[in-house]
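Here is a short briefing to read alongside the model. Please keep the sequence and the coordinates open as you go.

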Amino acid sequence: GEKAELFVLSFEKERIGEPLCHRIKRISEIDVSAGYDIVSFESRQSLEPDRFIEVKAVSGSGFYWSKNEFEIAKLKGELYYLYLVELGHIDEMGYVPEVIQNPVVNIMESDDWFVETQSYHIKRI
């Protein structure tokens, strides 16, 4: 995961450019429960961080998305992004990760993705 996060951090800094690139931060280093890994900017006109990025290193078998990440994605809506990074391709010139804005809508409510429940929390009542 760290390699994918560092790739996206660099990718975002290049996408935004000066002077905002210095304000893009890897949140996962200081708060693993934030529900996203990186804070960035929608555009060079943004005044405050307004792009919340969860980075997933992916393969053909898919990826895991935690309940906390999902809940934060619901709260952030259009400001939340999943960046799907194929580790086998990040060293290729010009590689761009798959970027999914508002994944609660664009994955969970889409027929293009298979979503499978992996675990349940159970307690005695």
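The notes below go through the first helix, the cores, the pocket and a few loop residues.

This is a predicted model, so to speak of local features a pLDDT of at least 70 is needed, side-chain atom pairs count only at pLDDT 80 or more, and totals for chains, interfaces and linings use all residues. Residues are numbered from 1 along each chain as its sequence is written, and side-chain values use heavy atoms, with hydrogens and water left out.

**Helix 1 and what follows it**

- Helices (H or I, at least four residues) and strands (E, at least two) are DSSP runs, numbered from the N terminus.
- Helix 1 covers residues 2–16, and its 15 residues should span 21 Å at 1.5 Å a residue; the expected span is 1.5 Å times one less than the number of residues. The end C-alpha atoms are 21 Å apart, which agrees.
- Ala4, Glu5, Phe7, Val8, Leu9, Glu12 and Ile16 are the buried residues of helix 1, where buried means under 20% relative accessible area, exposed over 50% and partly exposed in between (1.4 Å probe, protein chains only).
- These buried residues pack against strand 1 (25–26), strand 2 (38–40), strand 3 (51–58) and strand 4 (80–86).
- Just after helix 1, Gly17 has a positive phi of about 75°.

**Nonpolar cores**

- A nonpolar core is a set of buried Ala, Val, Leu, Ile, Met, Phe, Trp, Tyr and Cys residues joined through side-chain atoms within 4.5 Å.
- The largest such core holds 16 residues, and Phe7, Val8, Ile24, Ile38, Ile53, Val55 and Val85 have the most contacts inside it. Helix 1, strand 3 and strand 4 are the elements that give two or more residues to this core, and the largest share, 5 residues, comes from helix 1.
- A second, separate core has 15 residues, among them Phe52, Trp65, Val104 and Ile107.
- Leaving aside neighbours within four places in sequence, Val55 is in contact (heavy atoms within 4.5 Å) with Ala4, Glu5, Val8, Asp37, Ile38, Tyr83 and Val85.
- In soluble globular proteins, nonpolar side chains tend to be buried together.

**The largest pocket**

- On a 1 Å grid over the protein atoms alone, a pocket is an open set of points where a 1.4 Å probe fits, with protein on both sides within 12 Å along at least five of seven lines; lining residues have an atom within 4 Å of a point.
- The largest pocket holds about 740 Å³ of space, the volume being the space filled by probe spheres set on the points, with points joined across faces, edges and corners.
- Its lining has 17 residues, and Phe63, Trp65, Val115, Glu116 and Gln118 lie nearest the centre.
- By class, the lining has 9 nonpolar, 6 polar and 2 charged residues. Here Ala, Val, Leu, Ile, Met, Phe, Trp, Tyr, Cys and Pro count as nonpolar, Asp, Glu, Lys and Arg as charged, and the others, Gly among them, as polar.

**Loop residues to look at**

- Asn102 sits in the loop between strand 5 (98–101) and helix 3 (103–106). Phi of Asn102 is near 50°, a positive value in a residue other than glycine, and Asn102 counts as buried at 9% relative accessibility.
- Glu78 lies in the loop between helix 2 (67–76) and strand 4 and is partly exposed, at 46% relative accessible area. Not counting residues up to four places away in sequence, Glu78 touches Gln101 and Asn102.
- Val32, in the loop between strand 1 and strand 2, is exposed, with a relative accessible area of 77%.
- Arg44 belongs to the loop between strand 2 and strand 3 and is exposed, at 53% relative accessible area. Apart from residues up to four places away in sequence, Arg44 touches Arg15, Ile16, Gly17 and Leu20.
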